[in-house]
Amino acid sequence: MKENCLKQYGKYTFLNVLGMIGLSCYILADTYFVAKGLGSSGLAALNLAIPVYSLIHGTGMMLGMGGATRYSIAKSQGQTEKGNRIFSNVIFMAGGFAVLFILLGIFASSGIARLLGGTEETFTMCRTYLRVLLVCSPVFMLNNIILCFVRNDGEPQRSMAAMLTGSFSNIILDYIFIFPFHMGIFGAVVATSLAPVISLCVLAPFFIKKKNSFHFVKNSFGNGFPGKILASGVPSFVGELSSGIVIVVFNLIMLKLRGNIGVAAYGVVANISCVVISVFNGIAQGIQPLISQYYGMEKRREIQKIYHYALCTVGVLSIIIYAGIFIWANGIAAAFNSEGNMELQKIAVYGMKLYFTACAFAGFNIVTMVYFTSTDVPKPANIISFMRGFLLIIPMAFLLSALFETTGLWLAFPATEFVVACIGVILYGRRKRAWKKNL
């Protein structure tokens with residue numbers, strides 16, 4: 001059983017990490033090509049718009065992870081009809097969110113751009129990016145949902161292939177639209193919006209050939225399913241949204257401390273952070289189907305093994321990631337600093353070396369959140385997600401920046417993740433003791 005657990009863990013996690021790294025290239029490719037084509041103003045405008053992408057992506061992950069977790073448990077218990085109703089409720093809920101996002105894109109993109117800190121230099125580009133992103137939100141959410149359900153239906157390879165295909169197409173289209181076609185920021189967001197469409201096309205044969213075990217059922221909305229789906233999915237939503245919240249707060253503080261150059265420098269750090277966090281999200285999403293399946297089958301020993309494998313992987317990768325960033329920080333910053341601005345370069349390099357000390361703590365928190373939701377215990381996961389996403393990071397950013405200015409701002413993220421990790425250890429210990437009492 002040990003070898004079987006390890007083999008399954010390697011299969012699901014490795015494929016999902018690859019897929020999530022590819023998915024993170026949405027924003028990373030935008031950042032690189034926008035920086036090259038539109039300079040520091042374009043980079044700052046893109047960074048201002050990233051929180052809205054996090055909101056859309058987080059909503060899709062909330063519905064996808066929450067629904068897929070419930071679906072996996074039902075499937076492992078042989079409750080096929082219940083699994084179909086869960087999937088159908090997720091689709092209904094996604095439709096409701098889609099209408100809201102589209103209306104915001106059409107009528108409120110200007111107000112959102114100003115709220116996020118758009119100035120004379122960045123407002124127009126930020127508004128354009130937001131409008132297209134919000135109008136195209138349905139395909140982003142649908143892609144996240146289908147990826148999660150296909151992965152939980154025993155097809156992690158197909159999910160990975162879809163994510164990678166969509167992401168690499170985004171990189172190619174980014175280059176074509178921004179440079180040969182000279183479409184500017186509009187080209188960048190169109191390329192980003194086409195990527196989930198291409199990903200869904202890769203997933204389509206799975207349904208055309210009727211290999212899927214889940215199906216849409218009419219007149220199945222309600223019956224307590226929406227609340228349960230949201231309860232299981234909120235930690236994933238807050239986990240995704242937290243990066244957007246951090247960016248909003250950091251942008252506003254950095255704007256006061258260092259102006260638009262500071263915001264652009266933070267944009268470099270924030271986008272590298274998207275890739276790093278995607279690695280940990282890949283591990284967490286990789287273990288979710290396995291833990292949910294073992295939970296439905298009441299195999300607690302296997303659940304613990306999978307969780308421990310994930311933590312070991314987080315530890316090793318955190319060391320590798322931080323070492324790489326520390327050594328190559330100057331080159332990474334230079335790649336996004338098309339104008340050769342020395343102030344931007346200095347702020348970004350210094351920031352990366354401080355900001356990414358959070359790697360191991362952030363990875364632990366993300367994996368532990370998914371561990372709790374996958375074992376149908378959403379309360380501890382909600383505590384972790386809200387602490388790192390809202391309750392700690394915001395006051396920590398204002399407090400440390402007031403005390404130590406830019407240095408304090410860079411340290412707010414690692415300080416928050418460290419405190420939350422300590423809370424996570426306590427919550428995990430309580431969960432483990434509760435399981436032992438029930439044996």
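Student: Which helix is S199 found in?

Tutor: Helices here are DSSP runs of H or I with at least four residues, while strands are runs of E with at least two, numbered from the N terminus. S199 belongs to helix α7 (residues 184–208). A word on the source: this is a predicted model, where local features need pLDDT of at least 70, side-chain atom pairs count only at pLDDT 80 or more, and totals for chains, interfaces and linings use all residues. Residues are numbered from 1 along each chain as its sequence is written, and side-chain values use heavy atoms, leaving out hydrogens and water.

Student: Is S199 buried or exposed?

Tutor: Buried means under 20% relative accessible area, exposed means over 50%, and partly exposed is in between, with a 1.4 Å probe and protein chains only. S199 has 1% relative accessibility, so it counts as buried.

Student: Which residues does S199 touch?

Tutor: A contact means heavy atoms within 4.5 Å. Leaving aside residues up to four places away in sequence, S199 touches N143, L147, A162, M163 and G166.

Student: How many residues does the largest nonpolar core have?

Tutor: The general idea is that nonpolar side chains tend to be buried together in soluble globular proteins. A nonpolar core is a set of buried Ala, Val, Leu, Ile, Met, Phe, Trp, Tyr and Cys residues joined through side-chain atoms within 4.5 Å. Here the largest one has 111 residues, and F149, F250, Y266, F280, I306, Y355 and F356 have the most contacts inside it. Helix α8 (residues 225–296) supplies the largest share of this core, 32 residues. A second, separate core of 29 residues includes A29, I56, V132 and L134.

Student: What does F250 touch?

Tutor: Not counting residues up to four places away in sequence, F250 touches Y266, Y355, I393, A397, L409, A412 and F413.

Student: How many aromatic pairs does the structure hold?

Tutor: Rings of Phe, Tyr and Trp (its six-membered ring) pair if their centres lie within 6.5 Å; planes under 30 degrees apart count as stacked, over 60 as edge-to-face and the rest as tilted. The structure holds 32 such pairs. One of them is the tilted pair of Y175 and F179, at 5.5 Å centre to centre with 40° between the planes. The rings of Y371 and Y428 have centres 5.5 Å apart and planes at 65°, so that pair is edge-to-face. Y371 lies in helix α11 (residues 359–374) and Y428 in helix α13 (residues 393–438), so the pair ties together parts that are 57 residues apart in sequence. Y371 is buried, at a relative accessible area of 0%, and Y428 is buried at 12%.

Student: Which residues do ring pairs link into a cluster?

Tutor: The cluster is made of Y71, F87, F149, F206, F207 and F214.

Student: Where does R114 lie?

Tutor: A charge sits over a ring if NZ of Lys or CZ of Arg is within 6 Å of the ring centre and within 35 degrees of the ring normal. R114 lies over the face of F123, at 4.0 Å from the ring centre. Likewise, K353 lies over the face of F326, at 4.8 Å from the ring centre.

Student: How many disulfides are there?

Tutor: A disulfide is a covalent bond between the sulfur atoms of two cysteines. The rule applied is a pair of cysteine sulfur atoms within 2.5 Å, and the count comes to zero. For C422, the nearest cysteine sulfur, that of C359, is 17 Å away.
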